[in-house]
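Please examine the protein shown below, then work through the questions and answers that follow it.

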Amino acid sequence: MIDIQSVLAHYAIQGDILEISPFGGGHINDTFRVRTTVRKYLVQRINTEVFRNLEVMEINLQGLLSSNSGILVDHLRTSKGKYILVGADSAWKMQYLNQSTFAPSVADRIDIVREVAKGFGEFTFQNNGLQPDQFAETIPQFHHLHKRLEQLKDAVSSDPANRLLSCQELVDSVQAFEWINERMEALREILPKRVCHNDTKIDNILLSTHDSTFKYVIDLDTVGPGYVLYDFGDMLRTMLSPTTEGESDISKIHIREDFYYTIRSSFLDECGEILTKNEIDNLEFGGLYMTYIMGIRFLTDYLNGDVYYKVKTAQDNFVRARNQFRLLELLDEFVS
Ligand code: GN1
Ligand code: MG
């Protein structure tokens with residue numbers, strides 16, 4: 001904790017520190033809650049193995065937060081005026097922790113799903129005025145399926161953790177969906193780039209604890225150029241089924257049609273007017289795209305021996321991948 005105390009000294013926090021405790025369940029960064037005599041904050045250690053270009057992240061944050069009108073949580077700047085504190089062997093950022101809000105983790109209520117979709121719809125609408133070419137990807141080719149397929153193929157051929165036999169069936173199922181990559185390559189020619197969130201899972205919205213209405217969009221690490229179908233797609237991936245990514249009972253994964261219509265109409269009510277016909281026509285395809293890419297990424301990490309996502313057991317990435325491929329099958333039936 002001494003480490004964190006010295007980080008906090010770079011930000012003008014109010015009050016005396018009473019408590020520092022681990023917070024939330026992201027797969028990549030480490031987040032801590034700081035309680036002082038005056039208020040609460042979140043301080044986050046950025047995983048610099050994953051986010052290697054902190055300058056890009058800083059520029060993106062500055063561009064985004066300066067245009068924010070009320071839907072992004074305020075971040076603190078260091079005494080040098082930066083959002084990101086870059087140390088010798090770690091990097092940090094800090095934001096206010098809003099009282100009376102919560103991040104949903106499972107899509108068990110349709111009113112929650114409506115509010116999450118509304119939040120990301122408003123985010124899309126507000127970012128319409130931003131120039132995507134003034135932002136860059138914090139992780140190069142983050143949602144580039146072709147690259148993700150290559151990474152999987154490398155992991156299959158080198159099998160560094162000796163796990164291929166235990167997931168051969170999943171590996172075989174990847175090929176049947178390679179058409180998703182071809183379709184996306186064609187869409188890149190006709191879809192406009194936007195400043196997107198790029199990680200619109202259900203957990204990345206804060207709702208009011210009083211009435212579960214939308215308050216803030218959070219986790220801005222991956223904000224940068226992208227396509228609206230990425231952001232719409234990740235909502236479908238995480239909200240059509242009432243299960244979490246780590247669900248142990250695969251039979252519980254199913255698609256709720258009414259949730260689908262709610263997500264779509266709530267999102268489009270906020271930003272439909274700024275989207276092109278091509279974007280609107282391909283929103284559902286985004287669900288297939290993001291589910292496929294996440295299945296591939298979890299499977300690749302399983303094969304590589306859990307070097308990217310945090311895990312508690314050696315089966316975690318396998319279960320996550322298996323669940324994504326099950327969801328993908330169901331989604332494919334649903335949209336066709
Ligand atoms: C990671 O760490 P977290 O939960 O914000 C990942 C996303 C995945 C998500 C799956 C930088 O996000 O792409 O969709 O896990 N972020 C990164 O839960 O790889
Ligand atoms: Mg994230």
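**Strand pairing, metal site and helix packing**

Strand β6 (residues 101–102) runs antiparallel to β8, and 2 bridges join them. Residues are numbered from 1 along each chain as its sequence is written, with chains lettered from A and ligands numbered from 1 in the order in which they are written. This is a predicted model, in which local features need pLDDT of at least 70, side-chain atom pairs count only at pLDDT 80 or more, and totals for chains, interfaces and linings use all residues; side-chain values use heavy atoms, leaving out hydrogens and water.

Q: Which residue of β8 is the bridge partner of Thr101?
A: Helices (H or I, at least four residues) and strands (E, at least two) are DSSP runs, numbered from the N terminus. Two strands pair if DSSP finds at least two bridges between them, and β6 and β8 are joined by 2 bridges. In β8, the partner of Thr101 is Ser208.

Q: Which residues on the two faces of β8 are buried?
A: Buried means under 20% relative accessible area, exposed over 50%, and partly exposed in between (1.4 Å probe, protein chains only). Both faces of β8 are covered. One side carries the buried residues Ile205 and Leu207, and the other carries Leu206 and Ser208.

Q: In β9, what is the bridge partner of Leu206?
A: β8 and β9 run antiparallel and are joined by 3 bridges. They form a hairpin with 5 residues between them. The partner of Leu206 in β9 is Tyr216.

Q: What is the phi of Ser212, and is this residue buried or exposed?
A: Most residues other than glycine have a negative phi. Ser212, in the loop between β8 and β9, has a positive phi although it is not a glycine. Its relative accessibility is 9%, so Ser212 counts as buried. The phi of Ser212 is about 60°.

Q: Where is Gln141, and what is its relative accessible area?
A: Gln141 is a residue other than glycine with a positive phi, near 55°. Its place is in the loop between α3 (110–126) and α4 (145–158). Gln141 is partly exposed, with a relative accessible area of 38%.

Q: Which residues are the protein donors of the magnesium ion (ligand 2)?
A: Donors are N, O and S atoms within 2.8 Å of the metal (3.2 Å for Na, K and Ca); water is not among the atoms, so sites may look incomplete. The protein donors here lie 2.1 to 2.3 Å from the ion and are Asp199 (OD) and Asp219 (OD).

Q: Why does the pair Asp199 and Asp219 tie together parts of the chain, and how many residues apart in sequence are these parts?
A: Asp199 is buried, at 18% relative accessible area, whereas Asp219 is partly exposed, at 24%. Asp199 lies in the loop between β7 (194–196) and β8 (205–208), and Asp219 in the loop between β9 (214–217) and β10 (224–226), so the pair ties together parts whose separation in sequence is 20 residues.

Q: Which residues does Thr238 contact, leaving aside its neighbours within four places in sequence?
A: Thr238 is found in helix α7 (residues 228–239). At 11% relative accessibility, this residue counts as buried. With contact meaning heavy atoms within 4.5 Å, the residues that Thr238 touches are Ala107, Thr200, Lys201 and Ile202.

Q: Which strands stand at the edges of the open sheet of 5 strands?
A: The sheet has the order β1-β2-β3-β5-β4, with antiparallel pairing. Each edge strand has a single partner, so one side of each is left without a neighbour in the sheet. The edge strands are β1 (17–22) and β4 (84–86).

Q: In β5, what is the bridge partner of Gln44?
A: Strand β3 (residues 40–46) and strand β5 (residues 91–96) run antiparallel. They are joined by 6 bridges. The partner of Gln44 in β5 is Lys93.
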